[in-house]
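Here are some notes for a colleague who is opening this structure for the first time. Please keep the sequence and the model side by side while reading.

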Amino acid sequence: MKQFYNGLWMLVLITGMYACKSKSYFQAVMVESDEVILSEVITDTIVVAIDTLEPEDDWIDLPVKTGEFQDQLSSQINHSKAFRHGFSGFMLYDLDADTIIYCSNEHKYFVSASNTKIFTLYACLKTLQDSIAAFKYEETDTSFTMWGTADPTLMHPFFEDTSVIEFLKHKVNNKKYIQLANFNALTPYGRGWMWDDYNDSYQTEIAVMPIYGNVLSVKQEKNKLLIVPSTSLMALNFDSGVPYIVRELDQNKFSIPSGVNVNLYFSQEVPYKNAAKVNISLLGDLLGKKIDTVRIPLPNIHQTKYSWPMDTVLRRMMYKSDNMLAEHLLRNAAMQSIDTLSISVFIKWINETYLRDNPQKLFWVDGSGLSRYNRFTPQTVIYILKKLHNEVERERLYSFFNNIEIQTVGNTKKSKKTPKIYGKSGTMSGVYNLSGYMITKSGKVLAYSFMNNNFETAVREVRTSVNNILSYITENY
């Protein structure tokens with residue numbers, strides 16, 4: 001009977017709540033019954049926050065120009081079919097005058113895709129030495145212990161240099177046993193990566209000692225089929241039923257098109273599984289000696305072996321939008337600066353050390369932009385572009401960005417300078433962003449960030465519309 005009355009009271013209470021619903025709050029009305037022991041009644045306070053407008057953000061403190069140019073620019077953006085069904089944000093900034101020229105949805109968040117690499121570029125330029133750290137090590141008379149630093153260049157097909165391998169072979173020849181102290185210290189994928197992209201070359205596994213770019217490369221070249229790396233850890237099967245190389249999800253079993261041998265040209269790279277384990281075996285094959293694995297923390301006193309010049313690797317990362325390079329370079333920068341491979345710890349440290357004046361929160365989770373968890377605003381992208389422009393020599397800075405072809409539109413007046421556009425794109429399904437620098441015909445130096453998400457049209461149509469608008473700016477501002 002007691003349970004019956006308690007249940008009856010709750011029913012009455014809920015009925016009273018909905019009966020007294022108002023525009024801004026709920027009021028709980030208690031109805032007492034003589035049959036209910038009041039000392040056993042538990043009352044809860046229901047608090048509903050009233051939605052109010054926040055005060056204007058305090059970072060909106062620079063003058064925004066208005067006039068015919070801004071009106072024309074706005075008209076072009078608003079009337080473009082490519083932007084009609086998506087969501088776009090654009091910010092244009094005069095670096096010399098320190099003035100916002102144009103902005104629209106500049107404080108809204110967008111999935112950044114490979115625009116994330118601009119932040120990776122900044123972090124690497126602030127923390128890396130002139131060259132990439134190949135590994136850190138400690139040496140005794142009989143042993144050589146190394147800690148991987150996620151150097152992505154070892155035996156990479158673009159970085160043809162065997163000096164690191166020769167250095168390690170010298171240790172082997174001196175009768176020292178070699179051990180890797182942190183071979184499985186990294187998870188193979190980043191937060192929010194797509195599991196079904198495992199077969200695509202742009203989503204390789206992450207490892208403390210990358211080798212061969214962490215991919216199986218198959219090329220038909222000069223009537224010869226080249227497969228690198230060659231190892232018994234990978235099972236290769238020629239199959240007439242596949243149009244391209246397919247790896248099994250959880251195994252290093254690869255099906256290769258049987259007609260690849262007769263093709264005049266064939267080239268494909270497929271990430272292999274369990275890169276940490278595979279790589280230590282591949283390194284042992286190159287050195288002619290088995291590499292042992294141990295768990296030893298990095299000592300305070302240690303040495304560092306360096307590999308490729310930093311700028312060379314960063315340019316490759318930016319030009320090709322190479323995700324493998326970006327992910328490993330950010331971890332290499334973490335290892336060089338604060339002796340950690342944790343990307344979350346490093347990003348937090350970068351934010352607190354170099355980006356404390358950032359006007360908005362960064363949702364930054366990886367080095368490449370593969371994760372849709374990465375979200376920036378055009379305003380924060382302009383912020384990092386300004387910092388790069390103020391802290392890096394101009395020609396060196398521009399060399400990290402791709403040259404964007406300029407379409408001649410609008411004004412054809414004689415110019416003071418040849419206009420140029422430097423940019424870094426970021427592309428996913430429904431995402432196309434382009435950010436960077438431009439030099440207009442009048443000689444103005446501008447930073448821009450044009451971000452587009454959730455559109456239904458083909459990426460090439462959005463890309464063309466963005467390029468046309470940027471070309472209009474170079475001609476008319």
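Predicted model: local features only at pLDDT ≥ 70, side-chain atom pairs only at ≥ 80, totals over all residues.

1. Asp292 belongs to strand β13, which covers residues 292–293. Once its neighbours within four places in sequence are set aside, the residues in contact with Asp292 are Tyr177, Ile178, Gln179, Leu180 and Ile280. Phe183 lies 109 residues from Asp292 along the chain, yet the C-alpha atoms of the two are separated by 9.7 Å.

2. Helix α3 runs over residues 116–127, and its twelve residues, at 1.5 Å a residue, should span 16 Å; the C-alpha atoms at its ends are 17 Å apart, which agrees with that expectation.

3. How many of the twelve residues of α3 are buried? Eleven are, so that the helix is mostly covered; among them are Ile118, Phe119, Leu121, Tyr122 and Leu125, and also Lys117.

4. For the chain as a whole, the secondary structure amounts to eleven helices and 19 strands, and 48% of the 477 residues count as buried. Of the contacts between residues at least 6 apart in sequence, 68% join residues at least 24 apart. The accessible surface of the chain is about 24500 Å², with 49% of that area belonging to carbon and sulfur atoms.

Technical notes. Residues numbered from 1 in each chain as written. Heavy atoms only, no water. Helix = DSSP H or I, 4+ residues; strand = E, 2+ residues; numbered from the N terminus. Expected span 1.5 Å × (residues − 1). Buried < 20%, exposed > 50% of the residue type's maximum accessible area, 1.4 Å probe, protein only. Contact = heavy atoms within 4.5 Å. Areas by Shrake-Rupley, 256 points an atom, 1.4 Å probe, with all protein chains shown as cover.
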